[in-house]
Amino acid sequence: MGKLDERVIIVTGGAQGIGRAFSMRFAEEGARVVIADINGPAAEKTAAEIGEAGGEAIAVPTDVSDHESTEAMAQAVLEKWGRIDGLVNNAAVFQRPQITRGTVEEITAEEWDRVMAVNVRGPFLCCRAVLPHMKARGYGKIVNISSGTFFSGRSSTQYVASKGAVVGMTRTLSREVGDFNITVNSIAPGSTASDPERDESNYQGRVPDRSIKRVERPEDLAGAGVFLMSSDSDFMTGQTMIVDGGAALN
Amino acid sequence: MGRLDDRVIIVTGGAAGIGRAFADGFVREGASVVLADINGEQAERSAEEIRQAGGQALGLTVDVSDQAQTETMVAETLSRFGKVTGLVNNAAIAIRVRHTRAPLEEIPLDEFDRMLAVNLKGVFLCSRAVLPHMKEQGYGKIINMSSGTFFNGRENLVHYVASKGGVIAFTRVLAREAGPSGIRVNSIAPGLTASETEEHSLEEFAVRIPNRAIKRIEVPEDLVGAGIFFMSAESDFISGQTLAVDGGVVVH
């Protein structure tokens with residue numbers, strides 16, 4: 001018996017990295033998982049892997065910055081499984097070359113808009129797409145992935161501002177939808193070794209700041225994801241949980 | 001198979017209320033529990049109930065503000081169960097213990113001292129008592145119970161709120177100090193929780209409802225999921241954090 005038996009959970013950006021770790025663990029805990037990723041083939045591959053491991057998953061190619069695409073995502077899930085219990089707003093741009101690591105003057109207005117479109121408008125649109133159903137059912141679990149950089153300020157402005165916006169959205173939405181037993185929380189990971197192209201030696205920089213002195217891996221976040229998707233967290237809402245080995249302390 | 005199989009967890013103030021709810025939840029997930037409470041009779045009664053239901057439990061009389069007693073608590077736990085995996089610093093002068101609710105200048109000095117002795121020094125002493133063993137085993141999970149009142153500065157409770165703020169500061173420092181030894185230290189900040197009590201009616205617990213996102217009374221069971229999470233391997237990369245579990249009053 002899993003912690004998430006029967007729950008239908010959408011993970012945006014679920015094909016790779018942290019999103020993939022969430023998807024795999026949710027499936028292990030009995031959830032039916034929707035891999036909503038802009039990379040359709042990668043989403044199919046992760047869904048197939050979950051299927052081979054005995055879990056249930058579907059791939060729904062989704063561009064979270066596109067209104068129609070997010071509506072179609074919710075519709076596809078409802079047609080397939082008839083319900084949506086959880087949404088993890090994990091899709092985001094955070095790696096080079098999409099993100100310039102530089103000062104404010106080095107970031108173009110176009111890049112700013114693109115980052116906000118995915119990292120902020122994306123969670124907004126995905127919440128908007130699932131909320132009518134969650135409200136009608138009177139239950140739902142939403143997790144927005146923020147970032148430890150919101151607390152430390154250690155990254156470039158376009159990215160950190162987008163992740164601060166996610167915390168703000170989490171707080172306001174939690175108050176708006178509490179009456180419907182929908183909880184809205186945020187997870188703020190530290191720098192996580194989630195890029196398959198870069199080995200762990202590239203992620204050593206943040207280790208000295210941590211209480212637990214090692215590289216953070218996508219699997220380190222899965223437990224918090226399961227907790228916030230399960231009924232164990234039903235009286236917790238509006239909160240941001242930092243999962244970074246104890247670097248930023250909130 | 002539970003998420004706390006083979007874990008041994010000390011819950012101070014574990015005889016009743018929130019502490020007892022934690023203990024019951026931990027036992028359901030496979031842990032052995034030590035109920036350390038200043039009310040030793042009630043601790044032993046609760047432990048007996050858990051044993052009757054098939055769980056492993058030990059009841060102990062412990063005043064957490066007394067160093068010798070906290071050391072005995074750990075020694076007895078080791079002698080009975082052979083290890084200590086987790087400690088929940090839950091014992092406190094709080095809703096279930098009579099205390100003055102008044103502006104700062106009306107708080108009796110001896111009461112201020114006692115509040116800090118139990119609510120903050122107690123956390124220090126119990127942590128101090130378990131740390132040598134946890135460091136030796138290279139693993140440990142500590143939860144310190146703070147309070148939502150720290151975030152909203154609840155008036156007429158300066159002694160209580162100061163003690164609970166101290167708990168958060170303590171959590172952060174110990175997380176950094178003990179992290180390299182594999183020990184995780186986190187805090188839970190409950191809202192006003194309807195723990196069983198003779199002095200308070202359920203209506204008194206309803207006063208916070210309008211502030212909440214989830215508009216109902218908080219009960220001890222609402223905290224159990226977070227307690228299990230912080231005591232389990234699921235939270236092994238989380239340390240130094242404070243989680244408000246209050247139906248969304250404080251947004252932290």
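**From one residue to the interface**

Let me begin with A:Val166, which lies in helix H6 of chain A, the helix that covers residues 157–177. Please bear in mind throughout that this is a predicted model. Is A:Val166 buried or exposed? With a relative accessible area of 2%, A:Val166 is buried, because the limit for that class is under 20%. Beyond its neighbours within four places in sequence, A:Val166 makes contact with A:Asn119, A:Asn144, A:Ile145, A:Ser146 and A:Ser186. A:Phe150 stands 16 residues from A:Val166 along the chain, and their C-alpha atoms are 9.7 Å apart.

Let us now step back to chain A. Seven helices and seven strands make up its secondary structure, and in sequence order they run β-α-β-α-β-α-β-α-β-α-α-β-α-β. The radius of gyration is 17 Å, close to the 18 Å that the globule rule gives for 250 residues, so chain A is as compact as a globular protein of that length. Along the principal axes, its C-alpha atoms fill a box of roughly 45 × 35 × 35 Å. Of the 250 residues in chain A, 59% count as buried. If we take the contacts in chain A between residues at least 6 apart in sequence, 72% of them join residues at least 24 apart.

I turn next to the interface. How many residues of chain A are in contact with chain B? The number is 40, and they meet 37 residues of chain B. Together the two chains bury about 3,300 Å², with 57% of that area on carbon and sulfur atoms. Three residues, A:Phe235, A:Leu249 and A:Asn250, supply 26% of the area that chain A buries against chain B, more than any other three residues.

One of these three, A:Asn250, sits in the segment after E7 of chain A. A:Asn250 is buried, its relative accessible area being 9%. Apart from residues up to four places away in sequence, A:Asn250 touches residues of chain A, including A:Phe151 and A:Ile242, and residues of chain B, among them B:Arg172, B:Gln241 and B:His252.

As for polar links, 20 residue pairs are in polar contact across the interface of chain A and chain B. On the side of chain A that touches chain B, the elements giving two or more residues are H6, helix H7 (219–229) and strand E7 (240–243). H7 of chain A provides the largest share, five residues. By residue type, that side divides into 13 nonpolar, 13 polar and 14 charged residues.

Two salt bridges link chain A and chain B. In one salt bridge, the side chain of B:Arg3 meets that of A:Asp232, at 3.1 Å from N to O.

Which residue forms a salt bridge with B:Asp24? The partner is B:Arg20, with the closest N and O atoms 3.0 Å apart. B:Arg20 counts as buried at 16% relative accessibility, whereas B:Asp24 is partly exposed at 27%. B:Arg20 also meets B:Glu49 in a salt bridge, again described by an N to O distance of 3.0 Å. That pair links distant parts of the chain, for B:Glu49 lies in helix H2 (residues 40–52) of chain B, 29 residues from B:Arg20 in helix H1.

Terms used
Residues are numbered from 1 along each chain as its sequence is written. Chains are lettered from A and ligands numbered from 1 in the order in which they are written. This is a predicted model: local features need pLDDT of at least 70, side-chain atom pairs count only at pLDDT 80 or more; totals for chains, interfaces and linings use all residues. Side-chain values use heavy atoms; hydrogens and water are left out. Helices (H or I, at least four residues) and strands (E, at least two) are DSSP runs, numbered from the N terminus. Buried means under 20% relative accessible area, exposed over 50%, partly exposed in between (1.4 Å probe, protein chains only). Contact means heavy atoms within 4.5 Å. Buried area is the accessible area (1.4 Å probe) that two parts lose on being put together, summed over both. A salt bridge is a side-chain nitrogen of Lys or Arg within 4 Å of a carboxyl oxygen of Asp or Glu. A polar contact is a pair of N or O atoms within 3.5 Å; within protein, one must be able to donate a hydrogen and the other to accept it, and residues adjacent in sequence count only if both atoms are side-chain atoms. Ala, Val, Leu, Ile, Met, Phe, Trp, Tyr, Cys and Pro count as nonpolar, Asp, Glu, Lys and Arg as charged, and the others, Gly among them, as polar. The radius of gyration is taken over C-alpha atoms; the globule rule is 2.2 Å times the number of residues to the power 0.38.
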